[in-house]
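Let's take a walk through a protein model and see how its pieces sit together. Have a look at the sequence and the structure first, then read on.

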Amino acid sequence: MSLSPTTATRSKLRNLNRLSAHMVFRDIQLYMNRIHYTFRYRINTVRMAKEHGGSPKYNQLEARKNNLTWILALSALCIFFYVLGAWQSSISPTTHTEFLNRAGCENASKEAPDSSSSSSSPSSSSSAFLDFESHHQLVMEDTQEIQKFPACSMSFSEYTPCQDRDRGRKFDRDMLKYRERHCPSKDELLHCLIPAPPKYKLPFKWPQSRDYAWFNNIPHKELSIEKDLQNWIKVEGDRFKFPGGGTMFPRGADAYIDDINELIPLTNGTIRTAIDTGCGVASWGAYLLKRDIIAMSFAPRDTHEAQVWFALERGVPAVLGIMGSQRLPYPARAFDMAHCSRCLIPWSKYDGLYLIEVDRILRPGGYWILSGPPIRWKQYWRGWERSKEDLKYEQDGIEDVAKRLCWKKVIEKDDLAVWQKPINHIDCIKSRKSHHKPHMCKSGNPDEAWYKELQGCITPMPEVTSWDEVSGGALEKWPERASVVPPRISNNWVTGITAEKFQEDNKLWEERVSHYKSIFGALSQGRYRNIMDMNAYIGGFAAAMMKYPVWVMNVVPVNSQPDTLGVVYERGFIGVYHDWCEAFSTYPRTYDLIHAGGVFSIYQDRCDITDILLEMDRILRPEGTVVFRDEADVIEKIEKIAQRMRWNTKNVDQESGQFATEKILVAFKSYWTGEDKDEQHA
């Protein structure tokens, strides 16, 4: 029976490891025997001196001196090798290849395809067979080969399990329910690895990625054709270019944001978190980043192919989502600013249900910005191919809903209209006498947002004692906001988390991130950009990553207690609620680094952890990194499954020492692609 190249190489490596271990053991044994006989010789010399009348005292002293000399020599030798080992370990690897080579890995498979750009070429480690077996342990002969997960068909290369269009067609089109999350049943789950396109290249590094992406990574020209005159996206040879244009900002997103800055303050730190509904390719969010504002951009998977995918490929935060019949997966009072630029959401329909939801997620004093229909309809109505009466009716409806929500219209200038939510509900409660709808919600958790139906009532803000007091507490300006105790904690609204625990958590994550940096290399070189924390708690990991050119999607599991996502937003970070028994709302290959701290301890009794790991593989880019932190027995289960997924793993000591109960496993996804369709039919 012939062996495959990979199997043969593994066999050779095992034989080499056995031979090396045997030779080392033999040398040590010979050396110890030499020391043993030397000591016996010294003892016999003393004994012979006594028997032949020599001075026993003198000979004993000589023997002791010699013995002491040997002991000192051995001690010096041990110290020398300890210092040498510590010096070698102190040099932190800067690339995956260095890390893997230091672990004792060898190349044994063919190199990945060459790339024309150094920023996108897969490193040599990506195609290497990496042997992470402990060579100081007994080597056991494998009775059978570990069964690997196969690659899925190339038809699944763009698979988004919970936004599958074929499944969506089975649902009601009313309120766009068919475009909401509809996840596969357990029997429908794939147990194969989602392949990258045959000519896939690693994305451009940030900040170059904001303006460019490789065409072969997302081979969709629809937007470049449909939005050609609006400068959303252009095809230039083998890459896409994002000029920063949009339907309502022909001069570019940067100039458009400058126009907004003339109406409300965007640069003094009071506005940090934003949400962009119907984001397109997220150019608005991309250009807000240089103003230290981070936007959660979302759009559905619809006829405008791959909008959210383009955003994430650019290194800009985005998720698949839609304003339909359910609440958005964010807590109440999360965002400082909400934005809609011709997002085509019927704001005045359903008794203003969608604006009521925006009101729920806006912070006290937060802003809502609208551009596009029906704003400035008197000038644009012909181009919009709608009647004056229809557009006027729509704007009057929006104005009416905003008034009933107690919003104040700040200004309408040129193509922009801005409203502001009140800082508390004292006057709004009084106004209910004249505005009967929507009424204030009488019950329910305002933060509950996972598969929760939209409600046609106003989410009440925390009570205050005076009209000028900010409900829930005022926030510090950014960046101080990230490190001070958030109001939800200082007001004791989050069970079990005190101000002292908050500060301790900050310090803990500073130590952990410093340790991570020593494990998988520099974080400041743009290699890592899109990062996910699968169990974010209060955002300590994201806070410790602020010094690097990255952004973190903070995920708070819906079944975890206490609910901490509101704290994450008060600190000036973004995130979502999610249940990891289901797929995440993103395209394949959209994250560079995933942090999984305690996730599998939460879910191991709720769903199959294999399915969670396969989902992580789907959303992780080739050569991406995963850091697992969990109990030792859980890490052991994860490692066994990861060995079947084309991942290379390594157990790493925790920053507090190797004897800690919580263990760390680092995994690297290898570079591989699916087969070209033309080659399959050849």
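Buried here means under 20% relative accessible area, while exposed is over 50% and partly exposed is in between, using a 1.4 Å probe and protein chains only. I294, M296 and F298 point one way from β5, A295, S297 and A299 point the other way, and all are buried. Strand β4 (residues 273–277) runs parallel to β5, joined to it by five bridges; two strands pair if DSSP finds at least two bridges between them. In that pairing, D276 stands opposite S297 in β5.

Before going further, a word on what you're looking at: this is a predicted model, where local features need pLDDT of at least 70, side-chain atom pairs count only at pLDDT 80 or more, and totals for chains, interfaces and linings use all residues. Residues are numbered from 1 along each chain as its sequence is written, and side-chain values use heavy atoms, with hydrogens and water left out.

**The overall picture**

The chain has 20 helices and 17 strands. These are DSSP runs numbered from the N terminus: helices are H or I with at least four residues, and strands are E with at least two. Of the chain's 682 residues, 52% count as buried. Contact means heavy atoms within 4.5 Å, and among contacts between residues at least 6 apart in sequence, 70% join residues at least 24 apart.

**Rings and charges**

How many aromatic pairs does a search of the whole structure find? It finds 24. Rings of Phe, Tyr and Trp (its six-membered ring) pair if their centres lie within 6.5 Å; planes under 30 degrees apart count as stacked, over 60 as edge-to-face and the rest as tilted. Here are two of the pairs:

| Pair | Centre to centre | Angle between planes | Type |
|---|---|---|---|
| W309 and Y587 | 4.8 Å | 10° | stacked |
| F335 and Y569 | 4.9 Å | 65° | edge-to-face |

W309 lies in helix α8 (residues 307–313) and Y587 in the loop between β13 (574–578) and β14 (591–597), so this pair ties together parts 278 residues apart in sequence. Both W309 and Y587 are buried. As for the other pair, F335 belongs to strand β7 (residues 335–341) and Y569 to helix α16 (residues 565–570), so parts 234 residues apart in sequence are tied together. F335 is buried at 0% relative accessibility, and Y569 is buried at 1%. Elsewhere, ring pairs link F215, F240, F242 and F310 into a cluster.

R272 lies over the face of W478, 3.6 Å from the ring centre, and the charged end of R646 sits over the ring of W672, 3.9 Å from its centre. For this to count, NZ of Lys or CZ of Arg must be within 6 Å of the ring centre and within 35 degrees of the ring normal.

**The core**

A nonpolar core is a set of buried Ala, Val, Leu, Ile, Met, Phe, Trp, Tyr and Cys residues joined through side-chain atoms within 4.5 Å. The largest has 149 residues, of which Y330, W347, W368, F600, M616 and F628 touch the most other members. A second, separate core of six residues includes I489, I497, F502 and I538.
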